[in-house]
Amino acid sequence: MMTVNHVIHSPAEPALLKDKTYIFDRENANWSLPPLTRSVLSFRSSSPAWLSHTRGIGYTADSWKEIRLLTVVQLSVTGYELGGERRVTFEELHDLFEKWQLTDDVWEKGFLEIIYLQPKPSHSGIIISITEDERHKLQTKYSNSHIFCGHAMPVKGYKIRDKLHPLEKVQGRKDAEDGGTSNILLPGPYFASIMDGRLMPAYRVYEDTFETFIQSSHYPLNGKDLPLPTHAKKSSHLNVAVPSRIASQSRTRERPLAGLRFSVKDIFYITGLGPPGLGSREWVSLRDEQNLERRQDQDQQSIHEVEGVVEVLERMGAVLVGKNKLSQFAFAGPYHWQNTDYLLNFNPRADGLQTPSDSSGGSASAVAAYDWLDFSIGTDTGGSVRFPADVNGVYGGRPTTGAIDTSRMQPLAKSLDTTGVLARDPLVYCDVVRALLKYPTTPVDNSLPPPLPVRLKILVDKGYDRKIGDANLGGTTTMLSRLKKWISNMPCSLSGASLPSLERIESTASSSPILPKSSATITADGVIGNFILKLENLLGVQREYVVLDALWEKTKEEFGNTQQWPGTGKLLGRIGDEFGDLYRKIVYWESYQDLGEPFMKAYSKANDGRLPLVNNNAKAAWKTIEAGEICESTYKEALIKKQMLKLWVDTYLFEGDKSGHRTLLVSRGSNKGEDLRDTPPDERYFAPSQPGCILHYAHMSTLADLPDYRVPVGQFESLSSVTGHMETYPLTASLSFASGCDRDLIDLIERLHLAGDLRMVKTGRTAF
């Protein structure tokens, strides 16, 4: 059994129920038992034998003798029962409890020590009743000692007519059924204190074994998230507490994400949790001592009045369980493995020693590692959601710049920053992205499915061999598909008379002596090739290969002679390699203005002129600005050229398509196999493009404001230099439409899933 060791002054108290660890928050409890009910329950003088616990800080050991386990059941009422009596049967409760046992990882049958039955808030006048015979069946089946009925009539024999009531200063949540704000006791598992009557929701504790969280939190329905600083007793891993899903099993239009649990990159300002830590101990110490806030146009008060992405998700029913680690100051690139302030999180895929990528690696690895987490929120400037999605094998991407709110995040480069979602389930991914996308200015017609793209462009490198690419569908898969096609095209008299069945060919191919052993190895080219075939079949179009550098060389003269400089009316004229250094100039300048300069000055002032420890990426960026290598005029020119690049992309990649969803761009994700977490990677992340090259597609999609969503399409094998075994690595594909077409792209992902071409991924070593 896992025990919990709490830090001093923690408001949460731990308990062990069978093999599950729970905590409850006495200090922030919202509801209490009525005095008469407590007097009935107080006849039990000790806690159940199967409930063990440790004493919480600030509470006496005697208080544990007064803890009971309670389940709140919320009953629906039919039209025939309105204004009358609602009879409860053993069968309906038994079926409900069996469903909860299968669908909720928090609730246990041990919580049936006390059952509290209540109607839904909109039916508060209904009388709830249960016969003596039905009550006896429940007590026999579940060994529970007490059954109470809320709001009105008690269980026959107990004569308890008190109502459960909220404690003072409780902020209720908006309930979709009564149309207003109500103080609602939600269904699910609770710990009940007979001593002071408090009803405390049960949270199950999970250990963050992959070191993906920097802080856990909970939301006791008082209007703000609260930190939950708990660690496992036998390790240094942070504990993460999750609430029951029972209260949110029915979704509404106002709460489309009800029941989903999520985490967030530690880069957002969150009500109750305060400013972000940004992966820097120096930032945290300065933030806590001097309340250092980001430099931005609105004042401190307006920052906290703006509803950020976390608050939007919570309003829609999702539950925040904590903050994820990130690379320092969200600077991605070659130095993410030098996380000296906080341990770099672990990627659960392959041998468990691969890079999680950055800077949203903590968010991506958490989703890939834990089935109790449904999705996470990261940020993407130049690939900080997309690259972690690639190597952790989850759904994740960058929306169109500005399509999802970024108002309460600490910016890296405000002109390029976006908020991104990461998830295992494609339907969850689509639901969350849709919920976060800003509403379009024109009404959306959902009566007809969105039109499918008519052009499929595959982005490949300059040295890509198209013939091999078309033919290579992955070792054994290639031979099988060719053989099956050959058999199916033969005359019936031959194909049925002298050849084995297709099923037998498929089942015996991997052990056939005519195939070399290596041919059964799953290759990345084969995986991506199969996915492209599926796209061709779904869209009814043929692929077209595009080499970005070659397209740039072919079109840049025409582009310069036909397009004008913004605001001048003059033709662009001769264009060289204009775009290769834009990303670095914009990111360096904006990060220094919004974060680097105010942080460095404040830290130096507070520490007798000393400078803080800053990772090499941020240090290189800020020193470049301080040395005058990039000035304000250079930065403004880069912003103008950014608009030129966007125009080139619209003209030549999307061919002037005004609708934006007629051309689908596809490319292979960035995962190429072994990339160990402790190995210095390629240091050219911020380097300008080479002559004759336009720039990396991840940065092109950033600068052109394109939506770029990564979808897991399979996995491939590669030898691990650590384990000495063939390990399995996830492979993703990049899907892009033109800027602003996020909803169409999400619809396409959902359509691919419904067609069976995209699947939900697993947690652990392998994605599938």
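Guide: A salt bridge is a side-chain nitrogen of Lys or Arg within 4 Å of a carboxyl oxygen of Asp or Glu. This is a predicted model, in which local features need pLDDT of at least 70 and side-chain atom pairs count only at pLDDT 80 or more, while totals for chains, interfaces and linings use all residues. Residues are numbered from 1 along each chain as its sequence is written, and side-chain values use heavy atoms, with hydrogens and water left out.

Visitor: How many salt bridges does a search of the whole structure find?

Guide: Side chains of opposite charge can pair when their charged atoms come close. In this structure the search finds 36 salt bridges, and one of them joins Glu211 with Lys325, whose closest N and O atoms are 3.8 Å apart.

Visitor: Where do Glu211 and Lys325 lie in the chain?

Guide: Glu211 lies in the loop between strand 16 (203-207) and strand 17 (213-218), and Lys325 in the loop between strand 22 (319-324) and helix 7 (361-369), so the pair ties together parts that are 114 residues apart in sequence. Helices (H or I, at least four residues) and strands (E, at least two) are DSSP runs, numbered from the N terminus.

Visitor: Are Glu211 and Lys325 buried or exposed?

Guide: Buried means under 20% relative accessible area, exposed over 50%, and partly exposed in between, using a 1.4 Å probe and protein chains only. Both Glu211 and Lys325 are buried.
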